[in-house]
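Dear colleague,

Please find below the structure for your review. A summary of the findings follows it.

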Amino acid sequence: GLQYQNLFDVLQIFHPSKITTADLSITISRLKQESEKVPLILGIGGPDECGHSFFVGELVDALEDQDLLVSSLDLTNVLGTEFQEYENSDLGKCNSYWRSVEIRNWIIDDVLIPYNKGKKIYIEHAPKFIHHYDICNFPFFLAPEMILLVWGTTLFLPEFENLFDIRFLLELSDKAATARIFAFDERENFDKTFIETYKTKEGKYYTNYMTEYKVNEKIDYKINFDNFNAFRINELT
């Protein structure tokens, strides 16, 4: 039989988030073992305040438990629906969700495309145009033997089309998304006018992005994140 030192150890065994990331890490580990020298890039998208960092943290822990080397790019502060209103003639339709064209070009052209082609990446210092955003730690290093996690709100745009090997979508109900945006307790029945406000603003912009780029058709895994501390895999429809 199995023995556990305390109740916390027992609860961890049955924790939905732990089970989900453990299952995912096993699948990812098998893929990496089949092609150890080939870069593996995971794309993780979802609405604002959905829980990107928590999901990524849990997944990184599970992958490292499989003795895998992991690195990451956090695009939540440089890629999203809030940047569509920026007046910048350099930004075309495919990258209008970016904070700036410089950041977009650096992420896509200097990091993801070369790494996707199997090249080692070493960048000692952060470019000036990303000094104020915690995208990654510097010096920044990637090798084909590693796994790269990239996450952000509007992550499944055409410029990423052939770069992600596995795509995750973190999903929220309108009520849960509203609660996270307005910092409410999502377990409570707060005023429904807040939900309508969300659906006509942030929610509308995000829905437009999902529809325009047919995001649901590109996803490999959908994660139900209505319960922040107990996310689960949803069936693809």
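About 40 Å³ of space lies in the second largest cavity. A cavity is a set of points, on a 1 Å grid over the protein atoms alone, where a 1.4 Å probe fits but cannot get out, and lining residues have an atom within 4 Å of a point. Grid points are joined across faces, edges and corners, and a volume is the space filled by probe spheres set on the points.

This is a predicted model, in which local features need pLDDT of at least 70 and side-chain atom pairs count only at pLDDT 80 or more, while totals for chains, interfaces and linings use all residues. Residues are numbered from 1 along each chain as its sequence is written, and side-chain values use heavy atoms, with hydrogens and water left out.

The lining of the second largest cavity consists of F156, L157, F160, E161, F164, R167 and K218. The side chain of K218 makes a polar contact with that of E161 at 3.4 Å (a pair of N or O atoms within 3.5 Å; within protein, one must be able to donate a hydrogen and the other to accept it, and residues adjacent in sequence count only if both atoms are side-chain atoms). Leaving aside neighbours within four places in sequence, K218 is in contact with F156, E161, R167 and Y213 (heavy atoms within 4.5 Å).

The largest cavity holds about 60 Å³ of space. P47, D48, T81, T153, A177, I181, Y198, E202 and Y206 line the largest cavity.

Conventions
On a 1 Å grid over the protein atoms alone, a cavity is a set of points where a 1.4 Å probe fits but cannot get out, and a pocket is an open set with protein on both sides within 12 Å along at least five of seven lines; lining residues have an atom within 4 Å of a point.
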